[in-house]
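Good morning, colleagues. Please turn to the model on the screen, and I shall take you through its sheet and then its helices.

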Amino acid sequence: MAKNKSKLVYSTAPDWQNRPQEQDDEAPKKQGTVYLQRVTKGRGGKTVTLVKGLAGDLKRWKKELQQVCGAGGTVKESTVEIQGDHRQKIAEYLNQKGLKSKMAGG
């Protein structure tokens, strides 16, 4: 069955019915294992926790993780960076959400 991609605004046909258009957006990625890594290289000695492998809206994840850790953070490429070493707090939070996480690196 072909999807109707017409953006019809008005019709004079007596049997016309306004049907909601189906979303053509790609299906959300299946959430796999999330990797938590502590990094200090190239950051002037400051510690940062990298959260890799999160699916979905990374800006929303960043905001939630910042609130959990009480720290600043950012999104770079497909990684969420949280200031400080908060791997344990983030692992517990993701576990409560039903996600698997693994500690990676030192």
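Five strands form an open sheet of mixed pairing, in the order β3-β4-β2-β1-β5. Strands here are DSSP runs of E of at least two residues, and helices are runs of H or I of at least four, numbered from the N terminus; two strands pair if DSSP finds at least two bridges between them. This is a predicted model, in which local features need pLDDT of at least 70 and side-chain atom pairs count only at pLDDT 80 or more, while totals for chains, interfaces and linings use all residues. Residues are numbered from 1 along each chain as its sequence is written, and side-chain values use heavy atoms, with hydrogens and water left out.

At the edges of the sheet lie β3 (73-76) and β5 (101-104), each pairing on one side only. Strand β1 (residues 34-39) runs parallel to β5, joined by four bridges. In β5, M103 is the bridge partner of L36.

Which strands does α1 touch? Helix α1 packs on the sheet against β2 (48-52), β3 and β4 (79-83), and its direction makes about 20° with that of β4. Angles run from 0 to 180 degrees between N-to-C directions, with axes fitted to C-alpha atoms, for helices over the stretch in contact. Contact means heavy atoms within 4.5 Å. Helix α2, in turn, lies across β1, β2, β4 and β5, at about 170° to β1.

Finally, the two helices. Helix α1 (residues 58-69) and helix α2 (residues 87-96) pack at about 120°, with axes 10 Å apart. The contact is made by W61, E64, L65, V68 and C69 of α1 with K89, I90, Y93 and L94 of α2.
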